[in-house]
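Hi there,

Here is the structure I promised to pass on. My notes on it follow below.

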Amino acid sequence: MSESSAQPRAENPDEGEALEFPRDGGNEGPIVIANEFADVVVRKVETRNGVRLELWSPRRGTCVRYDAVALDALSYQEPEFITDLLSRTPGA
């Protein structure tokens, strides 16, 4: 792995890129994770920069794509990190 590829990458979809709520993703996804507070559509996408995991919140209208390095970084965060993220108001 080169040093430049070790930098986590998060990106937003291109402006105007259509996102559709999944009907039936089968075994290949996408998957929907939802409860009374949030719903998120998760899917694997191919981009010009490589494979990303896309997280889309239809309720908020927000979307982000993470590469493997960014996902790895999330994997070793303490639960308090997520608690801190939840205390922030998006767009504030």
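Which residues lie nearest the centre of the largest pocket? They are V40, L55, R60, L85 and L86, out of 27 residues that line the pocket. Before more detail, a word on the source: this is a predicted model, so local features need pLDDT of at least 70 and side-chain atom pairs count only at pLDDT 80 or more, while totals for chains, interfaces and linings use all residues. Residues are numbered from 1 along each chain as its sequence is written, and side-chain values use heavy atoms, with hydrogens and water left out.

**The pocket**

The largest pocket holds about 1,200 Å³ of space. A pocket here is an open set of points on a 1 Å grid over the protein atoms alone, where a 1.4 Å probe fits, with protein on both sides within 12 Å along at least five of seven lines; lining residues have an atom within 4 Å of a point. Grid points are joined across faces, edges and corners, and the volume is the space filled by probe spheres set on the points. Its lining divides into 18 nonpolar, five polar and four charged residues (Ala, Val, Leu, Ile, Met, Phe, Trp, Tyr, Cys and Pro count as nonpolar, Asp, Glu, Lys and Arg as charged, the others, Gly among them, as polar).

**The strands**

Strand β4 (residues 50–57) pairs with β5 in the antiparallel sense over five bridges, with S57 opposite T62. The two form a hairpin with four residues between them, and G61 in the turn has a positive phi of about 75°. On β5 (residues 62–66), two bridges also join antiparallel strand β1 (residues 10–11), where E11 partners R65. Strands are DSSP runs of E, at least two residues, numbered from the N terminus; two of them pair if DSSP finds at least two bridges between them.

**The salt bridges**

There are four salt bridges (a side-chain nitrogen of Lys or Arg within 4 Å of a carboxyl oxygen of Asp or Glu). R65 meets E54 in one of them, at 2.7 Å from N to O. That pair links strand β4 to strand β5, eleven residues apart. E54 is buried at 2% relative accessible area, and R65 is buried at 7% (buried means under 20%, exposed over 50%, partly exposed in between, with a 1.4 Å probe and protein chains only). R43, E54 and R65 are linked in a network of salt bridges. R59 forms another with D39, with the closest N and O atoms 3.2 Å apart.

Best wishes
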